[in-house]
Protein chains: 2
Amino acid sequence: MDTHDLVAVSERRQHQVDRVLRSFFDDSHYRAKALGNPYAALWQTLERNASGGKRFRPRMVMAAYESLGGTDIDAAAHIGAAFELLHTALIVHDDVIDRDFVRRGGPNVSGSYRDLATTAGIPLPIAEHRGMSVAVIAGDLALFNAFRMIDRSGVDGVLRTRLHDILDEAMFVSAAGELLDVDFSLRSDPPAVEEIVEMERLKTAEYSFEAPLKAGAVLAGAADQAVEALGRFGRRIGIAYQIVDDLLGVFGDENETGKTALGDLREGKSTVLLAHAVTRPEWASVASLFGSPDLTAADAERIRGVLEETGSRRFAEALARENANRAWEALADESLTPEVRDEFRPVVASVLGRVR
Amino acid sequence: MDTHDLVAVSERRQHQVDRVLRSFFDDSHYRAKALGNPYAALWQTLERNASGGKRFRPRMVMAAYESLGGTDIDAAAHIGAAFELLHTALIVHDDVIDRDFVRRGGPNVSGSYRDLATTAGIPLPIAEHRGMSVAVIAGDLALFNAFRMIDRSGVDGVLRTRLHDILDEAMFVSAAGELLDVDFSLRSDPPAVEEIVEMERLKTAEYSFEAPLKAGAVLAGAADQAVEALGRFGRRIGIAYQIVDDLLGVFGDENETGKTALGDLREGKSTVLLAHAVTRPEWASVASLFGSPDLTAADAERIRGVLEETGSRRFAEALARENANRAWEALADESLTPEVRDEFRPVVASVLGRVR
């Protein structure tokens with residue numbers, strides 16, 4: 001497929017998932033209205049927070065499904081939507097845990113409800129807690145409806161149970177990763193590289209890559225060996241993707257990434273880059289800047305310089321490349337067809353293309 | 001059945017649900033261990049928080065099921081356990097919203113993790129946020145596993161979907177009630193009696209009475225008319241129960257209720273009692289005491305005196321009685337057997353017995 005076709009397929013899949021989600025939110029909004037306008041408004045806020053993304057996880061489900069010969073696109077779009085709702089639940093609750101009130105440049109659920117309260121004259125700390133309280137409720141709604149979305153897919157019997165099991169494992173594992181992340185932020189000693197990789201794999205990579213790919217393969221009726229091979233691909237490409245994401249958070253071009261290249265440094269985010277750098281003597285000269293909310297562009301440049309000097313950037317890039325290569329190797333499994341490799345070659349290429 | 005038999009049946013049901021939950025937590029703990037000891041410890045904390053209760057909601061499921069002729073006690077215990085996990089999820093997240101760190105006299109999930117952090121020398125505000133963060137994660141785990149517990153029941157096909165739908169509705173409605181409760185706490189004008197009753201019905205009564213009773217009836221294969229009649233019973237007895245609970249929170253004997261009779265007054269809890277009293281001129285003399293964290297036993301006595309004077313206590317008692325009576329009338333439906341009335345007569349009697 002040429003690039004034009006790739007974009008067309010990707011947009012078609014996104015559109016199909018959008019339609020499923022719109023129908024779900026329409027139904028929920030209608031149900032909610034019977035319980036009062038504030039509840040209906042909460043559902044609208046939740047829908048807004050579940051929109052505007054690239055439907056990354058649903059597209060993984062559908063890519064696996066279609067490349068393995070699946071033809072019930074509507075069922076696949078429902079399974080994809082289930083992962084999108086799981087993603088929404090996890091980020092809404094993650095924002096509560098991180099006390100974030102903004103996502104993608106606009107207010108998230110906590111932010112929307114905080115702002116409503118401050119506008120009504122409620123003092124900021126109380127308004128913030130109100131925002132977080134509503135976000136706890138909203139995340140709960142998205143979470144259990146992720147499971148219900150599989151029931152809406154029309155898939156039944158053993159197959160439905162297997163899909164529920166995969167979504168269950170994704171959520172179970174993500175909670176373990178979130179717990180590690182919470183614990184990292186309270187530790188006095190910085191986590192090691194392997195600990196960061198493990199945390200990111202559990203918290204994000206599994207539910208974003210491994211689980212959606214396995215779900216798509218299971219839905220397509222693929223043999224266990226093919227399901228496992230795609231799962232291995234997902235695990236490796238997911239780790240590679242997270243490391244690249246951390247690299248872009250520090251070295252990325254703001255025009256391309258759409259987020260400030262100061263954010264991760266101001267936040268003092270635990271990444272592979274940092275885990276590598278903190279063990280080097282050169283780090284001492286910038287350690288006090290890292291994590292400072294007042295960090296300037298010049299400070300950021302100094303930290304970037306040290307991350308180059310210590311070889312931390314090169315190290316992270318090599319680790320991302322190694323994982324992307326191992327992901328590609330997983331696709332060579334005899335159980336997978338050339339169609340599967342054609343489908344995921346651009347995914348591997350795009351991860352590698354984002355590394356220098 | 002005499003009282004001795006009633007207690008024996010109730011204990012047997014509680015024991016059966018305990019066994020199902022223990023097996024679920026054993027499995028989860030085993031799975032969690034593979035992802036690290038801290039995650040396994042979180043599952044132990046969650047299990048502790050899901051234990052020690054009277055398994056009230058499961059017993060409602062089983063009472064409906066058995067009185068309608070159901071004989072697969074293990075399946076009923078699983079559906080009951082699903083409601084117990086939903087209850088656990090809701091109280092763990094409700095405690096986050098209310099910033100409570102204690103439940104039933106011991107630390108809740110937030111409290112356990114806050115205490116671990118303070119013991120490790122972490123300052124209180126950060127430790128509290130850590131406790132709340134872990135509680136967000138723990139509540140999520142209980143919530144999606146409530147749905148999975150129905151899958152573990154062995155029930156399949158249309159029946160499983162109907163049970164999922166009932167649990168879904170219970171959660172959907174409870175979220176609406178929680179949102180109302182959050183909004184009440186920020187309003188300048190106190191909510192009216194009907195608003196309080198509606199909030200308590202949505203937030204607690206539906207998932208505690210109406211939904212478990214309907215689930216038990218559906219599982220027993222009861223006709224739609226019987227399911228609806230038991231649902232109506234559940235709605236009314238649930239409202240009555242909540243009002244009695246509010247009355248006991250102010251007028252109850254601490255030795256009987258097991259909780260301090262100052263708690264609700266210190267917290268300034270929105271109840272039917274309060275909604276009635278605030279519209280009366282006599283209330284002005286105690287308005288400033290209500291909701292004061294420093295409220296003394298003498299202050300509480302003054303407030304109780306005013307609640308008697310204004311007729312608020314009599315009003316709430318009459319409202320509870322009226323709802324309990326309407327609950328009893330719902331059981332007269334021709335679709336329900338004498339066995340059902342025998343099963344639930346003591347439930348009505350115990351609610352009425354707690355009103356003067």
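The radius of gyration is taken here over C-alpha atoms, and the globule rule is 2.2 Å times the number of residues to the power 0.38. By that rule, a compact globule of 356 residues would have a radius of gyration near 21 Å; chain A has 21 Å, so the two agree. The model is predicted. The C-alpha trace of chain A spans about 60 × 60 × 35 Å along its principal axes.

The secondary structure of chain A consists of 15 helices and 2 strands. Of the 356 residues in chain A, 51% are buried. Contacts in chain A were also sorted by sequence separation. Among those between residues at least 6 apart, 72% join residues at least 24 apart.

Chain A is assigned two parts: domain 1 covers residues 1–222, and domain 2 covers residues 223–356. The C-alpha centres of domain 1 and domain 2 of chain A lie 22 Å apart. Their contact draws 26 residues from domain 1 of chain A and 26 residues from domain 2 of chain A. On the domain 1 side, the elements that give two or more residues are helix 3 (56–67) and helix 8 (193–219) of chain A. Helix 8 of chain A gives the most to this side, with 15 residues. By class, the side of domain 1 of chain A that touches domain 2 has 18 nonpolar, 3 polar and 5 charged residues.

Helix 8 of chain A also packs with helix 7 (residues 157–184) of chain A: their axes come within 7 Å and cross at roughly 170 degrees. Angles over 145 degrees count as roughly antiparallel. Helix 7 of chain A is therefore roughly antiparallel to helix 8 of chain A. The residues of this helix 7 to helix 8 contact in chain A divide into 15 nonpolar, 3 polar and 7 charged.

The contact between chains was examined next. Here 38 residues of chain B are in contact with 38 residues of chain A. On the chain B side, the elements that give two or more residues are helix 1 (3–33), helix 2 (37–49), helix 4 (73–97), helix 6 (124–152) and helix 7 (157–184) of chain B. The side of chain B that touches chain A has 25 nonpolar, 5 polar and 8 charged residues.

Key. Residues numbered from 1 in each chain as written. Chains lettered and ligands numbered in written order. Predicted model: local features only at pLDDT ≥ 70, side-chain atom pairs only at ≥ 80, totals over all residues. Domains from an automatic or database assignment. Contact = placed C-beta atoms within 7 Å. Helix = DSSP H or I, 4+ residues; strand = E, 2+ residues; numbered from the N terminus. Nonpolar A, V, L, I, M, F, W, Y, C, P; charged D, E, K, R; others polar. Buried ≥ 20, exposed ≤ 12 C-beta atoms within 10 Å, placed from the backbone. Axes fitted to C-alpha atoms, helices over the stretch in contact; angles between N-to-C directions. Parallel < 35°, antiparallel > 145°, perpendicular 65-115°, else oblique.
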